[in-house]
Amino acid sequence: MQNLPGPLKEVVEQLSSLPGIGPKSALRIALTLLKMPRERASGVGQSIIELRERLCLCEDCACLAESSPCAICADASRDTGQICLVPEWDALLAMEEMGIYRGKYLVLGGLLSPLDGVDPGQLEIDRLRRRLATGDFDEMILALGATLDAEATASYVKNLVESEFPGVSVTRLAQGIPIGAEVKFMDKETLKQSLVHRQKM
């Protein structure tokens with residue numbers, strides 16, 4: 001990559017700093033942009049600039065939206081008794097794609113991670129408190145994942161809700177053996193979660 005012309009090298013370095021894009025992929029993208037007609041390449045650049053200018057965080061749930069409140073928070077048909085806590089906006093999108101959940105959301109903005117220096121002050125904990133203080137919700141669903149950081153965050157949020165909002169029940173997405181899998185192929189942690197969160201039939 002050292003022998004690239006200056007402008008191309010700069011674009012490759014910028015692209016490869018993005019998550020999931022290595023230097024080779026960045027070079028392919030940059031060369032694709034270079035081969036595009038000027039108007040189309042300009043359009044790509046302009047859409048990236050507008051991405052930052054035209055999007056905002058919803059004042060209620062902290063998800064990305066074109067206006068605040070977002071379409072989900074403004075939807076009067078949603079169940080106002082449930083609030084689902086997700087770590088990032090893409091998790092909200094995954095929940096919505098199922099088409100089953102009809103409650104409200106709050107995007108936490110990440111997970112607690114002491115090793116990475118992420119503490120409660122860097123997450124949307126104050127926004128969560130404000131939402132729960134309205135008294136609208138009787139259930140909070142934790143959809144945070146099953147990593148160590150997710151477990152630490154779930155524990156922190158559960159303790160906070162139990163101490164400050166005892167009228168709100170805290171539930172979590174079921175964890176354990178996925179459909180179509182066999183017990184003999186499961187790792188110990190998955191089997192443990194399956195046993196701990198077993199359900200009555």
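I started with the surface of this predicted model, where Leu51, Leu55, Leu57, Leu64, Trp89 and Leu93 form a nonpolar patch with about 480 Å² of accessible area together. A patch takes residues with over 30% relative accessible area and no salt bridge, joining nonpolar side chains (Val, Leu, Ile, Met, Phe, Trp, Tyr) within 5 Å and like charges within 9 Å. A salt bridge is a side-chain nitrogen of Lys or Arg within 4 Å of a carboxyl oxygen of Asp or Glu. Accessible areas come from the Shrake-Rupley method with a 1.4 Å probe, and for residues only the protein chains shown count as cover.

I noted the ground rules: residues are numbered from 1 along each chain as its sequence is written. Local features need pLDDT of at least 70, side-chain atom pairs count only at pLDDT 80 or more, totals for chains, interfaces and linings use all residues, and side-chain values use heavy atoms, without hydrogens and water.

I placed Leu51 in helix α3, residues 38-54. Helices are DSSP runs (H or I, at least four residues), strands likewise (E, at least two), numbered from the N terminus.

Next I looked up leucine 142, in strand β5, residues 139-142. Is leucine 142 buried or exposed? Leucine 142 counts as buried because its relative accessibility is 7%; buried means under 20%, exposed over 50%, partly exposed in between. Beyond four places in sequence, I found that leucine 142 touches Leu85, Ala154, Val157, Val170, Thr171, Arg172 and Leu173 (contact means heavy atoms within 4.5 Å).

Last, I checked serine 194 in helix α8, residues 188-196. Serine 194 is in contact with Gln175, Gly176 and Ile177, leaving aside neighbours within four places in sequence.

Technical notes
Buried < 20%, exposed > 50% of the residue type's maximum accessible area, 1.4 Å probe, protein only.
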